[in-house]
Amino acid sequence: MENFDSYLAKYAQLLIQMGLQIKPGDNVMIYIAVDQLPLARLLQEEAYKAGAKRVHFTWNDDTLARNRYHYEEVDTLTENPDYEQARRKDLIENQKICRISVLSSDPDSLSGLDHDKLQKAQKATILARKLVMNATMRNDIKWNVAAAASYGWAKHIFPEYAEDPEKCVDALWDSIFQANRVYEDDPVQAWKDHMANLKKRADQMNNFQFDKLHYQAPGTDFTVGLPKNHIWAGGDSVSADGDTFVANMPTEEIFTAPDTNRLDGVIVSTKPLAYQNQTIIGIRMECHDGQITDITAEQGAEIMKNLVNNNKGAHGLGEVALVPHHSPISDSNLTFYQTLFDENASCHIAIGAAYPHNVAGTKDDDEETLLKKGVNVSDVHVDFMVGSDKMNIDGITKDGEVVPVFRNGEWAI
């Protein structure tokens, strides 16, 4: 790619300045693959330039991960050593670490492995990382999720270039840069303008304070309640210390917490879901009386059933998010097989935990109180995409007034 080094440097600067918004004295943890060393070096340098006190790294690799799941025994895979838990506790509670996770894995890197073994190992990982998950769900720390191009990932998106790895990876980098406004003369200002637009949409929905949303599309007839004093959010977030950050880059959504006690009907997915490094297609979820009562899929059904049936709180929902069909990522006509991108091309919902900050007055609530308010508590949070150019969504007020929110996948208010 022409001028790639220059664009990569702008991207790293954007993630530090706009994503984590590092300030003097911040400690930073960068989760990144070993084959993304050029980006890792740039992120480290930009973080130090912004005043970071220390920059830590946690490295990952698809092949090493696959070998581990293949060769280690279940007892070993499900261990949660004290020293690892102590490190997580120190990073979150003492260092108030600012986390950036750079995603680049092959979405099918774990396909073909022993299903039962994989499920047990990954559930143990979810439980081991609960402290970190809770800190991010509550915005106790600043955090950001971004992406980097790898051939293992790119070949799924651009199969026409699969025989030319360099061209394939360049095509993915180009898509990442476009989605993140890196080609703008001033990407940081472009993001500030984008954040302001998302805030306007969120404010518009907050003014309505709908009692519930009704989704209708081919295969979908689904109603989800919304808690009293729910808050639609979009764009940047604010940490417990009052610092601003952008959790997902790219982002095109506004989102809130559903009332997990009021779920009824059927809703189907419209894009593949990459979950646990496996691809799931054709999800159909049925809910009655506030519970997921059945979930199937054309591909990956056992993964979804295990997700719902074998994780605390996974029979409820934790997020509803609105994204117009004609958004930059959707208009690319690409399926990324990565939720970070695909969820920003489509309305989506999440199985599992809600973000407590999406309901006013929940800051100090315990789990029991959150559940009474309809704010779901879970060990997991898994988004899947439900939007399309055929999706209609109505907002229904407490008085029964029906207000069109989406028509044919676009905003109607």
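User: Which residue forms a salt bridge with K120, the closest N and O atoms being 3.2 Å apart?
Analyst: A salt bridge here is a side-chain nitrogen of Lys or Arg within 4 Å of a carboxyl oxygen of Asp or Glu. The closest N and O atoms of the pair are 3.2 Å apart, and the partner of K120 is D116.

User: On what basis are the values computed, and how are residues numbered?
Analyst: This is a predicted model in which local features need pLDDT of at least 70 and side-chain atom pairs count only at pLDDT 80 or more, while totals for chains, interfaces and linings use all residues. Side-chain values use heavy atoms, with hydrogens and water left out, and residues are numbered along each chain as its sequence is written, from 1.

User: In which helix do K120 and D116 both lie?
Analyst: Helices (H or I, at least four residues) and strands (E, at least two) are DSSP runs, numbered from the N terminus. An α-helix has 3.6 residues a turn, so residues three or four places apart point the same way. K120 and D116 are 4 residues apart, about one turn, and both lie in helix α6 (residues 115-128).

User: What is the relative accessible area of K120?
Analyst: Buried means under 20% relative accessible area, exposed over 50%, and partly exposed in between (1.4 Å probe, protein chains only). D116 counts as partly exposed at 44%. K120 is also partly exposed, at 43%.

User: Are E368 and K372 buried or exposed?
Analyst: Their side chains meet in a salt bridge of 3.7 Å, N to O. Both residues lie in helix α14 (residues 367-372), 4 residues apart. E368 and K372 are both exposed.

User: Which residue forms a salt bridge with D26?
Analyst: D26 is buried, with a relative accessible area of 9%. The closest N and O atoms of the pair are 2.8 Å apart, and the partner is K142.

User: How many residues apart are D26 and K142?
Analyst: D26 is in the loop between α1 (4-20) and β1 (27-33). K142, buried at 3% relative accessibility, is in the loop between α7 (130-137) and β4 (143-147). The pair links distant parts of the chain, and the separation is 116 residues.

User: Which residues of α7 are buried?
Analyst: What covers them includes α5 (82-94), β3 (98-103), β4 and β18 (381-385). The buried residues are V132, M133, A135, T136 and M137.

User: How many salt bridges does the structure hold?
Analyst: D211, D259, R262 and K398 are linked in a network of salt bridges. The structure's total is 21.

Notes:
Contact = heavy atoms within 4.5 Å.
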